[in-house]
Amino acid sequence: MLKCRTVWRKLAPLARASSTVCRQNVRRTGLTHGRLPAQVPAAHMSTGPAGGGRENQLYFLLVGVACVGGGVYAYRTVKGDQLRYQDRIDEIASRQEKFNTEKPDTPSESEPPAVEATETQVVPKPEPQAEPVPEPQAEPLPEEPSPPVPDAEVEAPSETTEPPLVGESTPVSLKVPSHTPYLLIGGGTASFAAARSIRARDPGAKVLIVTDEPDLPYMRPPLSKELWFSDDPSVTETLRFKQWNGKERSIYFQPASFYINPEELEGTENGGVAVLTGRKVVHMDVRGNKVKLDDDTEISYDKCLIATGGVPRNLQVMERAGEEVMKRTTLFRKVDDFKSLDKVSRNIKSITIIGGGFLGSELACALGRRSNDSGLEVIQMYPEKGNMGKVLPEYLSNWTTEKVKREGVKIISEALVKSVTFKDDKVEILLKDGRLVKTDHIVAAVGLEPNVDLAKSAGLEVDSDFGGFRVNAELQARSNIWVAGDAACFYDIRLGRRRVEHHDHAVVSGRLAGENMTGANKPYWHQSMFWSDLGPDVGYEAIGIVDSSLPTVGVFAKATSKDTPRAATEKSGTGIRSESETEDTATSPVASSTPAPSVEQNRDDYGKGVIFYLRDKVVVGIILWNVFNRMPIARKIIKDGEEHADLNEVAKLFNIHED
């Protein structure tokens with residue numbers, strides 16, 4: 001419209017001049033013919049003599065062309081402004097998608113509006129509309145992802161845009177989702193069991209596991225058992241082993257294809273389980289429902305599980321011994337520890353295991369077998385009188401000690417370490433009674449310390465007696481925080497407050513925590529079991545409180561070829577017996593009416609049996625010695641909590657005399 005006015009101003013003098021010429025011609029015509037001007041109608045001015053008609057026609061032609069041209073120009077200008085305005089609105093509406101998928105091209109996409117503005121700069125009204133529209137709309141876009149997102153994009157602007165198309169709102173270089181409905185801290189058995197339980201009850205759930213280990217969730221028991229008996233020279237790389245029943249499997253619960261990438265978690269439609277490896281949660285904001293990782297990345301959550309497990313203990317005298325001693329010391333816990341110890345044991349002449357519990361005795365038997373072929377000297381020392389002296393009654397502990405000796409292990413009992421030094425390329429262990437042991441390497445298997453590093457920042461209670469996060473019977477520490485596995489000090493509705501450090505407990509507590517995170521509100525009532533194998537021929541399963549300081553009653557029978565860990569796994573089909581038990585696939589407790597014929601072995605009186613642990617004449621713990629797939633019976637006896645006049649009759653429930 002402004003251009004029309006400008007054109008009109010230019011044409012106005014010409015129009016006024018034409019009008020004046022017309023009036024003068026009319027007057028001349030009237031004087032010439034002797035007529036008055038009033039007798040000539042104004043409508044016939046264009047029909048006058050040849051002197052002024054052409055100028056009148058030119059006048060109307062110019063006016064008409066100006067009007068038509070101005071109208072066309074105005075129409076095209078308004079229509080163009082409407083189209084550009086609509087294009088701008090569409091661009092703003094789709095800015096988020098362009099921001100995520102074509103970030104490197106974004107600057108070039110913002111240039112066309114500026115070009116359009118310069119083309120129409122003669123029109124002042126559209127100009128102020130084009131400038132403010134995109135700015136208030138474009139500013140909030142970078143605020144939708146977490147604060148680290150823009151930084152990550154700046155560092156890697158040239159990366160391919162394929163992964164973001166899959167993960168939608170997650171940039172390529174960002175591997176951590178800013179929010180997850182279910183956050184599981186720790187990548188062990190408890191976390192995996194919880195994730196599986198959550199997905200079973202909520203198929204669309206999005207679960208994120210954060211672990212400081214570089215590996216996907218795996219089972220720990222084979223690290224001190226079956227892996228050491230493998231004939232595969234590349235077992236440290238494949239981490240596959242043959243079970244006692246001869247079947248092969250991996251230590252990992254699921255292959256990598258089972259999980260989704262962390263950057264895809266937020267955008268996936270059907271949910272899934274993602275594992276963020278090599279990251280550690282260092283701070284927990286309970287009120288803000290978020291955690292901070294060791295790289296300062298923050299993740300918010302709706303519900304959280306703490307399954308941080310524990311760290312191996314060490315002797316204080318060894319920690320004070322110096323760097324050279326610590327270089328030659330292994331604290332056995334993870335896959336890397338297995339790989340390291342396997343390599344070390346093949347290149348030294350002597351190795352000493354300090355500790356007589358489950359882990360120490362299992363490693364002693366495993367390395368003792370290897371010593372028969374390699375000439376490796378294996379020494380095991382502990383403060384008790386015999387192997388597993390804190391768990392087994394004295395007579396059974398002594399029997400176990402002899403079993404370990406037959407595996408090629410030198411036993412030093414009642415050994416209290418006074419000092420450890422490094423001298424002449426040997427580690428010297430001085431005992432309090434004056435005995436001196438020289439060795440090339442030490443394995444410290446003296447227990448586990450629950451990992452409660454997050455307790456301070458989270459404001460969670462740590463149990464002063466048992467250690468670990470103190471939780472209720474539902475494994476809850478706060479309204480939206482649960483704890484499972486080794487780090488949980490829970491209330492057992494049958495046996496009171498406890499903390500258990502075994503694989504099966506991790507499975508059971510993790511599964512229960514996952515159910516309660518999805519609204520089940522179930523108390524911990526299922527008694528978890530644990531087991532230990534001294535090679536493929538001797539093993540036991542236990543449940544409840546098994547403490548050698550308690551009164552015990554043992555009932556034994558002669559063993560057969562079926563009474564070994566190898567036979568048990570052949571029958572159950574799995575090398576992880578607790579996994580079979582906790583998944584409700586254990587063999588029925590009812591004995592077969594037609595037992596298989598037995599084959600007697602040259603075994604002593606402790607070939608197989610049942611050991612009852614009593615407190616106030618009530619059975620609170622049971623060990624099944626080379627008796628397998630009878631755990632449901634033991635669990636029921638503890639659950640009933642009754643006094644038994646004759647435990648020999650109770651032992652008959654396990655059918656130890658019928659095979």
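# Exercises on a predicted protein model

A polar contact of 3.0 Å joins the side chains of Asn480 and Asn289; the term denotes a pair of N or O atoms within 3.5 Å, where within protein one must be able to donate a hydrogen and the other to accept it, and where residues adjacent in sequence count only if both atoms are side-chain atoms. The model is predicted, so local features need pLDDT of at least 70 and side-chain atom pairs pLDDT 80 or more, whereas totals for chains, interfaces and linings use all residues. Residues are numbered from 1 along each chain as its sequence is written, and side-chain values use heavy atoms, with hydrogens and water left out.

## Exercise 1: The surroundings of Asn480

Task: State where Asn480 is found, whether Asn480 is buried or exposed, and which residues Asn480 touches.

Solution. 
1. Asn480 occupies the loop between β20 (476-478) and β21 (481-483). Strands (E, at least two residues) and helices (H or I, at least four) are DSSP runs numbered from the N terminus.
2. With a relative accessible area of 12%, Asn480 is buried. Buried means under 20%, exposed over 50%, and partly exposed in between, for a 1.4 Å probe and protein chains only.
3. Leaving aside residues up to four places away in sequence, Asn480 touches Asn289, Tyr301, Asp302, Lys303 and Cys304. Contact requires heavy atoms within 4.5 Å.
4. For two of these neighbours a distance can be given: the side chain of Asn480 lies 3.0 Å from that of Asn289, and reaches the backbone oxygen of Asp302 at 3.4 Å.

## Exercise 2: Strand β28 and its partners

Task: Describe how many residues of strand β28 are buried, and in which sense β25 and β27 pair with β28.

Solution. 
1. Strand β28 covers residues 618-625, and eight of its eight residues are buried.
2. Strand β25 (residues 539-544) pairs with β28 in the antiparallel sense over five bridges; pairing requires that DSSP finds at least two bridges between two strands. Here Tyr540 stands opposite Trp625 in β28.
3. Strand β27 (residues 608-615) is also antiparallel to β28, over seven bridges. Phe612 faces Ile622 of β28 across this pairing.
4. β27 and β28 make a hairpin with two residues between them, and Asp616 in the turn has a positive phi of about 55°.

## Exercise 3: An open sheet

Task: Give the order of the three strands in the open sheet and explain why one side of each edge strand has no neighbour.

Solution. 
1. The order is β19-β22-β23, and the pairing is mixed.
2. β19 (469-470) and β23 (496-498) are at the edges with a single partner strand each, so one side of each is left without a neighbour in the sheet.
3. β22 (residues 488-492) and β23 are antiparallel, with three bridges. Tyr491 has Arg497 in β23 as its bridge partner.

## Exercise 4: Positive phi values

Solution. 
1. Most residues other than glycine have a negative phi.
2. Asp296, although not a glycine, has a positive phi of about 70°. Asp296 lies in the loop between β7 (290-293) and β8 (298-306) and is exposed, at 58% relative accessible area.
3. Met388 has a positive phi near 50°. Met388 belongs to the loop between β12 (377-381) and α16 (394-406) and counts as buried, at 2% relative accessibility.

## Exercise 5: Salt bridges

Task: Find how far apart the closest N and O atoms of Lys327 and Glu323 are, and which residues form the network of salt bridges.

Solution. 
1. A salt bridge is a side-chain nitrogen of Lys or Arg within 4 Å of a carboxyl oxygen of Asp or Glu. The whole structure contains 26 of them.
2. In the salt bridge of Lys327 with Glu323, the closest N and O atoms are 3.8 Å apart. Both residues lie in helix α13 (residues 323-327), four residues apart, about one turn of the helix.
3. Lys327 is exposed at 53% relative accessibility, and Glu323 is exposed at 57%.
4. Glu323, Glu324, Lys327 and Arg328 are linked in a network of salt bridges.
5. Elsewhere, Asp342 forms a salt bridge with Arg346 at 3.3 Å between the closest N and O atoms; Asp342 is buried, at 7% relative accessibility.
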